[in-house]
Amino acid sequence: MSIIGYDEPEIPDDLFECALLLRNTIVGLTTEGGSDIEYKLARKKLMDDPACKRLLPDFVRYSNDAMSVRSALSSVASGSGSWALRRKHVNDHFLPILKYLESGGGGADAAITDVLTDYDAPAVQAFWTKALERRATDPEGAVTAASTLLEEVCKHIIEDSGGDWGHRWNVPKLYAEASKALNLAPSQHQEEVFKTILGSCQSVVQSIGSLRNKGGDAHAGGRSRVPFKSRHAALTVNLAGSMALFLIETWQARVEEGETSTK
């Protein structure tokens with residue numbers, strides 16, 4: 001809504017451009033410049049996107065207006081040279097969301113985020129958020145978080161179906177048990193097309209677990225360590241997120257249909 005005689009600023013539809021606008025507006029606000037209305041509109045657009053909301057700096061998520069964000073940033077530095085320090089602080093903390101959006105983050109990530117957020121498992125949500133945040137800036141950490149995300153989802157499904165999992169079980173073993181509980185194991189189907197698709201899912205999970213061992217930051221890799229690029233991490237995180245989404249939606253569907261059973 002605009003006020004008579006005042007044109008409301010246009011906020012870019014593109015989320016990457018919107019994030020750039022918000023960052024630059026905040027940099028302006030640190031020197032008593034910037035626009036309060038631009039801050040509010042750009043912030044709202046990004047806060048309305050679940051994945052972007054999680055990647056926004058805390059000084060944005062918890063500051064509803066220009067005065068609040070100025071107050072939050074005043075604690076970063078004061079006195080001579082403080083403007084440069086505050087600007088660096090803003091630029092550094094906007095890197096995760098800008099890298100995420102620049103690498104193509106968007107609709108698919110938001111769909112996965114929505115389902116994982118509604119799923120009653122804080123650890124699952126935490127590892128998905130960590131995987132998204134590190135996808136472009138910390139490939140090894142992103143791969144580890146992606147693998148751990150699948151571990152958590154499988155463990156929750158095994159427990160919720162009345163089963164138990166072993167502390168030494170790796171990702172493929174956990175997935176094998178969870179898939180049996182969901183009737184997703186290839187051996188549980190006769191149709192060749194389903195056996196092929198479900199077998200491919202099994203291979204994807206196994207490969208993600210292998211990647212974690214080869215180059216993730218959870219273990220020392222020695223001379224055989226594989227250096228990851230951000231594109232490798234993006235592929236791994238996207239695949240892990242899609243598999244987590246598939247497992248959770250399958251579990252939820254079976255609960256709604258009354259097909260779940262406990263051992």
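This is a predicted model: local features need pLDDT of at least 70, side-chain atom pairs count only at pLDDT 80 or more; totals for chains, interfaces and linings use all residues.
**Stop 1: the salt bridges.** Start with the whole structure in view. A search of it finds six salt bridges. The next stops visit some of them.

**Stop 2: Lys44 and Asp48.** Select lysine 44 and aspartate 48. Their side chains form a salt bridge, and the closest N and O atoms are 2.9 Å apart. Is aspartate 48 buried or exposed? Aspartate 48 counts as exposed because its relative accessibility is 52%, and the cut-off for exposed is over 50%.

**Stop 3: helix α4.** Now select residues 58-61, which make up helix α4. Show the side chains of aspartate 58 and arginine 61. They meet in a salt bridge, 2.6 Å from N to O. The two residues sit three apart, about one turn of the helix. Aspartate 58 is partly exposed, at 45% relative accessible area. Arginine 61 is partly exposed too, at 25%.

**Stop 4: helix α10.** Move on to residues 171-181, helix α10. Pick out glutamate 177 and lysine 180, again three residues apart. A salt bridge links them, with the closest N and O atoms 3.8 Å apart. Glutamate 177 is buried, at 16% relative accessible area. Lysine 180 counts as partly exposed, at 47%.

**Stop 5: a negative patch.** Select Asp120, Glu159, Asp160 and Asp164, which form a negative surface patch. Where does aspartate 120 lie? Look in the loop between α7 (107-118) and α8 (122-134). Aspartate 120 counts as exposed, with 71% relative accessibility.

Definitions and conventions: Residues are numbered from 1 along each chain as its sequence is written. Side-chain values use heavy atoms; hydrogens and water are left out. Patches are made of residues with over 30% relative accessible area and no salt bridge: like charges are joined within 9 Å, nonpolar side chains (Val, Leu, Ile, Met, Phe, Trp, Tyr) within 5 Å. Accessible areas come from the Shrake-Rupley method with a 1.4 Å probe; for residues, only the protein chains shown count as cover. A salt bridge is a side-chain nitrogen of Lys or Arg within 4 Å of a carboxyl oxygen of Asp or Glu. Lys and Arg count as positive and Asp and Glu as negative; His and the chain ends are not counted. The place of a charge is taken as NZ of Lys, CZ of Arg, CG of Asp or CD of Glu. Helices (H or I, at least four residues) and strands (E, at least two) are DSSP runs, numbered from the N terminus. Buried means under 20% relative accessible area, exposed over 50%, partly exposed in between (1.4 Å probe, protein chains only).
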